Amino acid sequence: MLLLASLLLHCLPLAMADYDICKSWVTTDEGPSWEFYACQPKAMSMKDYVTVKVEPTGITCGDPPERFCTHENPYLCSDECDASNPDLAHPPRLMFDKEDEGLATYWQSVTWSRYPSPLEANITLSWNKSIELTDDIVVTFEYGRPTIMMLEKSLDNGRTWHPYQYYAEDCMEAFNMPPRRVRDLSSTSANRVVCTEEYSRWAGSKKEKHVRFEVRDRFAIFAGPDLRNLDNLYTRLESAKGLKEFFTATDLRMKLLRPALGGTYVQRENLYKYFYAISNIEVTGRCKCNLHANLCSYKEGGLQCECEHNTTGQDCGKCKKNFRTRSWRAGSYLPLPNGSPNACAAAGSAFGRISQPKKVTVPKATATSMAPEVTITTSTPTTPTIQALTLPSTQQPTGVTASGQPVTRASGRTQGSPEWTRSSTAAPLQMGTTMPKVNTKTEATTTVAAPIVAAPAKISKLFQLKPKSPQVVPIEVFKDCECYGHSNRCSYIDFLNVVTCVSCKHNTRGQHCQHCRLGYYRNGSAELDDENVCIECNCNQIGSINDRCNETGHCECREGAAGPKCDDCLPSHYWRQGCFPNVCDDESLLCQNGGTCYQNQRCLCPSGYQGVLCDQPLCQGDEGQACDPASHAGPHLAVLLGSGLLLWLAGCLGY
């Protein structure tokens, strides 16, 4: 028994680190209430929900049919690819099918018959939803891995792309980057984009098939080699800027830039052995729900978070309509072990607690904006009033809280309670908006008002500060006070004779909170009343002139800088805490006399030469100073002049 107890205590932190419970119904000394936790869906194979696109058109083999051979048997070209024959076709869907044991099915490109024109292919994986990677991306190649390729990711459904990792058998030659291994990165560089040579060098097409994007090695920097210190990993994901976003994507794109060469140079006499072939792509991750959901389902052709904490949206990225008393915030892994749910709350609600029953009186003026009244007459303690909460009716034990109190989970309904509806198997139980009147004759009568549902008003009240009063009071109903939900206060500017919104929230500004603040731009996919209507520009502070951007989110870059956020350099410049003109390159600024250009920053000169472009010879003397013909000619000329002067004096004296 003691052994079993110790085993359970050992496994408890690992189970809690999963963040798989969004809320629990708990009973404490203060009474029953919901207890909310940060939560996330379980990791799963994302290839089952992916849409694949292969470019350019015609890159898939078989139309027209062609033969190919392998590097092991380069002159036995008896294999054929034919798109019209199911047994000989190699379409893109074969990268994601379930293969029988011992039989690999694969997508295949055309051969490199048009050499020296490059053989390039783009394979794009789209989910139309933000996902978070939880394990390595593994790509399995048949007949050899590419000698040059790169992996890119998108965070906006393919509108913009960012480098994720470079692969080459010679990183300096292919991408002008020094090779690095991911497992050698430090805690401050865990989200660095690197070039690796581990997956591109020829080792035989049957021996080495896999190309990886190492997620686990980056996690291991914080969680240890066996990934047991998850607390430290979750802490760093919250505290390190950009680390969580590094593992987030909506799309992935592989750019295949040069096929396997068999460990040698390209042999023009046999180009049928150069092509790409992929049998499997494994992507493991979870739906990104901003720690507001523990389930993700496939609906209407796409993944959708089953949002909790009164949030909504595909990624649970905004509060529900009547729960916007404070701005939406993503959940947090901290503090450990349950995190912070940062749940959305309705006005006037004691969120997460159940208030005692009390009679609520509503003026007749607001009667049109509230749900029907429920009258319950009973001789036993009455049902509590619930405001802006989801409440279960039947309690099922699910465990204990950290304080030792019993925890129960909600499901179903009970007799005598209002009707509760469940939108889906993963959605929380919620009170229906229409409730019948229930009258039962017994000793006591208690009136419980249903929650007030505040519908967005088309007409707002104008508020004006009186000179001798510190209070803001309504003076009249004014139709032009429309703030799109970003403010609930308006003011009248007398000398302009206009009504304007006051204290616009959600990074908005303007008379009606219809514009974005400086440093933000309009989210084209959001409505004006959406809390996420304005997106931060996130301009690179070094590469951009200021922190402002245009309506598409592109920042104004300094000279030499490039990219939507000015975080990249033009090809004619290199990055070193800013973009600087290339000192050397492989086109016009060539290093002379056998010198090599190092990262476009300087020429590495051979012995005997110096200068910016290695164009100045060194003298062979001990001091190693530059040769200067004038400096060597000086002494010889002085000797000649001195000798001539002596001869002239001797002639004058008669010698």
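Let's start with accessibility: a residue is buried under 20% relative accessible area, exposed over 50%, and partly exposed in between, using a 1.4 Å probe and protein chains only. This is a predicted model, where local features need pLDDT of at least 70 and side-chain atom pairs count only at pLDDT 80 or more, while totals for chains, interfaces and linings use all residues. Residues are numbered from 1 along each chain as its sequence is written, and side-chain values use heavy atoms, with hydrogens and water left out.

On to the charged pairs. A salt bridge here is a side-chain nitrogen of Lys or Arg within 4 Å of a carboxyl oxygen of Asp or Glu, and the structure holds 18 of them.

Take D20 and K42, whose closest N and O atoms sit 3.9 Å apart. D20 is in the loop between α1 (2-16) and β1 (23-28) and K42 in the loop between β2 (31-36) and β3 (44-45), so this bridge ties together parts 22 residues apart in sequence. Those labels follow DSSP runs, numbered from the N terminus: helices are H or I with at least four residues, strands E with at least two. D20 is partly exposed at 31%, and K42 is exposed at 55%.

Next comes K209 with E142, at 3.1 Å between the closest N and O atoms. K209 sits in the loop between β12 (195-196) and β13 (210-213), and E142 in the one between β9 (137-141) and β10 (148-154), 67 residues apart. K209 counts as partly exposed because its relative accessibility is 26%, whereas E142, at 10%, counts as buried.

Finally, K321 bridges to D529, with 4.0 Å between the closest N and O atoms. Their loops, β20 (318-319) to β21 (374-378) for K321 and β33 (520-522) to β34 (534-536) for D529, are tied together across 208 residues of sequence.
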